[in-house]
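Please look over the model shown here and work through a set of questions and answers about its strands, charges and contacts.

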Amino acid sequence: MKIRNILSIKKLAVLGICVSFVAGGCGKMTESSIPKLEEPVALNEAYRPVEYGTIGSIQVLMATAVPRDYCNYYSANVNISQIYVEPGDTVNAGDVLAVCDVDEAKKQLQECQAALAHENETYEISAQISDTQIRLWESQAAGQDNNEPDQSDGTADDTHEADADTNIDEYAAVTGEFSTEQTEKNESTDEDYNTQIATEQENQRYDKQLHEYRVQKINEQMALYQQLVDDGTLKAAHSGRVTYTKKLTEGRSAAAYENIVIVSDTDDLVLDIKDTAINEYKYSDYDKKYVIVDGEKYDVTESQYTSEVLVLSKINNRYPDVCVESREKPFLTAGQMYPVYFEKTKANQALVVGKDSIYKDGDTRYVYVKNDEGGREKRIITTGESDENYTQVTEGLKEGELVYYNSTDQVPTKYSKYTVTRSDFDIANYGVQYSRSDAGTITETCDYEGQIVSVNVKQDDTVEKGMLLYVVDTGEGKAAITEAKNAIDSENESYAQKIADYNKQIKDLSECGSSAEENNRQDEKPDTAYDEQQLKMNLQLLDLQKKLAGADHTYQLSRLQSAYDSISAGNDGKGNISVYAKNDGKVSKVSVKAGDNVEEGADILQITGNSTDVLLVQVKESNSYKVYKDNMADVGERVSLELDGATIYGSCIGFAGYGGEAQKGYVNQDDKGVHITGNTDSGYGNAAFYIKLDNGIPDDLTGASAVKSAVKFSYVSFKKVVVVPTSIIHKQVNPMDKDDISYYVWKIDGDSVVKQPVILSDYTSGSNTLVLYGIDEGDEICLAS
């Protein structure tokens, strides 16, 4: 199975910037909101050198290195009996991961078989009705052609003809839905009949296509359920580490294409960009795309999604994230974040000057250049491409010349030099609630509102499949049986009434037909044969309608009876419902006792497998630690546990829940096509993940967790990035737009000090800030003295 999407885990910083960037890593660029630095008066001399650079725009997005995921799911709605693996387990392709309820699959298969039989039977009858209707209209059209009205002279023949018409009207009037049709057809012209016939023939073609489609879909469902009946196991599609399992404490039912188990290849890391789902990604048309890994640049390409994936995503409201990869395969560390750059170029390796240096006089463009004497001289220039902040100069300037620009900012005269370096940048996050994870925990919840009659097991009891767990007395259970029985009775009564109506119509039509036949025999007119033929076809139509009603009744009655049997199972008829264990296990918790009133969906007890050496960590608010609730550790990321003043280490091995991000999508492709799959809500209401400590869980973990302790992991983690003291960064607000805020540093360029716009990340740590663009290692910046 080829998986094209990884569920993202880290916070994203998205920066939309229109910039001009300069070769050598000292690019000129600003955010799109940066003002044009065109104030009319300079507080002191402000010059910047003419340099070679690129006119264009850039977007910077944050990606996180995560393992490639492989989803495992059923292609049909099922009830999960048991999941055999837990997060952290290593599996090989083909290993059994879970098994579904085969009895439920058999029931679904039987329902599909009944639906197919009903579809075929009703289609055949409906086709016969349609054919008969067409023949009836053809007969009526032919009868009308042979019975054009003559000029009547009041003879006996005319009287007999009128009597015959009257009798036909009489027997038509008692045929219900066909009486109206008959009257209308007697008044129709040949054109009317031809139109009706053509319409019915078109309906026949449509009904045939619809029938074939329904049969195809039912057969596909039958094949899926037959496969489950033959082998209800779910097998690993790929080797790797189990990083997610469906939480059965929230229910056993699983929808088609719902992820039951996710297996991740921890040796195959990809770069996932969070919060850039494919329905909102706008950077595919950028010229150049690369990632910075440990200070080195690597070209990347995005995962491509077909139109089929886009349509399926919209239908399912599950959108995969955008992932990027490099053919050069740089060494990535799980959980690390990497800036990904998207550049769009207008002019490459061109001489550029800031737009705040250019003056206009009609069509003439000019700048002020610093001369050898330290003064300014006016220089006419020819310009080319421009972006929001910089303009290409094609004539009039040379590289290195100093060009004046307007600035009301005070150029520093007293400062020390700060040399830019690359270093690591980390912000910690904490999980303050953690506990040992038990394997295969299943919560038994009550399906009805009622009162507990008895609890037949106690904590620590070992249970086997089929053992009685508890009995609940529920009036709704009793009412449900009564309602199901009433539905059966109502269906029988309705069917009996329909049959009685059809029988009456057939009887009345036959009697009127006999009278009309006698009159026609006395009349001895040529249209007698048509009248008899139409009578027989009307009777045939009624008989087919009666047969169709019988087929529908048989099918509906079987479904109602199945529902009644299901509701009655375990019910003594008085509302006392017995609930039995569906799996082997051990009772780890009993939440109710006899006499307790319970709501529908209330927890009754938990059945658990063996304890594991895995900790479940939940990200919740804390008074002791700074917690970022929208974040969790990434699979493979190193974590630590602060415990009684000591620090013990481990790794994240999987995730349990993403809080509000349950609708994230995964793209999966198998021999049945492309599917969008997703995870169900864990029920925790917050981010949650699993960790395994290097040396196992300490014996005193429970006691230690009561004191100040937490699992520490990274909220933000970068290696070899540009980090500078926050004090050297200056803020600039556009006086015309207070929401237009930008940042810059004073960069030392030879003998000059120039204003250099920079792009900052969303992150600061202590007195340091992460800079994404504008300055690089080796640049010298003014640090105020």
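## Sheets, charges and contacts

Q: In the predicted model, over how many bridges do strand β27 and strand β29 pair?
A: This is a predicted model, and strand β27 covers residues 450–455 while strand β29 covers residues 468–473. Within this pair, Q451 stands opposite D473 in β29. The two strands run in the antiparallel sense, and the number of bridges that pair them is four.

Q: Is D447, in the patch of negative charge on the surface, buried or exposed?
A: D447 gathers with E449, E599 and E600 in this patch, and its place is in the loop between β26 (442–445) and β27.

Q: Which residue in β9 does V99 stand opposite?
A: Strand β8, made of residues 96–100, is joined to β9 by three bridges, and the two strands run antiparallel. Within β9, the residue that V99 stands opposite is T233.

Q: In β38, which residue is the bridge partner of Q669?
A: Strand β37 (residues 666–670) pairs with β38 in the antiparallel sense over five bridges, and the two form a hairpin with two residues between them. Strand β38, residues 673–677, is mostly covered, with four of its five residues buried. In this strand, the bridge partner of Q669 is V674.

Q: How many residues apart are R68 and D268, which form a salt bridge?
A: The structure holds 21 salt bridges, and in the one between R68 and D268 the closest N and O atoms are 2.7 Å apart. The pair links distant parts of the chain, with R68 in strand β5 (residues 51–73) and D268 in strand β12 (residues 259–273), and the separation is 200 residues.

Q: Does R68 count as buried or exposed?
A: The relative accessibility of R68 is 13%. The class of buried residues lies under 20%, and R68 therefore counts as buried.

Q: How many residues apart are E325 and R68, which form a salt bridge?
A: The closest N and O atoms of E325 and R68 are 2.7 Å apart. This pair links distant parts of the chain, E325 being in strand β16 (residues 322–325) and R68 in strand β5, at a separation of 257 residues. E325 itself counts as partly exposed, at 24% relative accessibility, and the separation asked for is 257 residues.

Q: Which strand holds K692, the partner of D613 in a salt bridge?
A: The side chains of D613 and K692 meet at 3.9 Å, N to O. At 39% relative accessibility D613 counts as partly exposed, and at 28% K692 also counts as partly exposed. The two residues are 79 residues apart, with D613 in strand β34 (residues 611–618), and the strand that holds K692 is β39 (residues 687–693).

Q: How far apart in space are N538 and Q133, C-alpha to C-alpha?
A: N538 is found in helix α7 (residues 528–568), where it is buried, with a relative accessible area of 5%. In sequence N538 and Q133 are 405 residues apart, whereas in space their separation, C-alpha to C-alpha, is 8.5 Å.

Q: What distance separates the C-alpha atoms of D565 and A484?
A: D565 also has its place in helix α7, and at 43% relative accessibility D565 counts as partly exposed. D565 and A484 are 81 residues apart along the chain, and the distance between their C-alpha atoms is 9.0 Å.

Technical notes. Residues are numbered from 1 along each chain as its sequence is written. This is a predicted model: local features need pLDDT of at least 70, side-chain atom pairs count only at pLDDT 80 or more; totals for chains, interfaces and linings use all residues. Side-chain values use heavy atoms; hydrogens and water are left out. Two strands pair if DSSP finds at least two bridges between them. Patches are made of residues with over 30% relative accessible area and no salt bridge: like charges are joined within 9 Å, nonpolar side chains (Val, Leu, Ile, Met, Phe, Trp, Tyr) within 5 Å. Accessible areas come from the Shrake-Rupley method with a 1.4 Å probe; for residues, only the protein chains shown count as cover. A salt bridge is a side-chain nitrogen of Lys or Arg within 4 Å of a carboxyl oxygen of Asp or Glu. Lys and Arg count as positive and Asp and Glu as negative; His and the chain ends are not counted. The place of a charge is taken as NZ of Lys, CZ of Arg, CG of Asp or CD of Glu. Buried means under 20% relative accessible area, exposed over 50%, partly exposed in between (1.4 Å probe, protein chains only).
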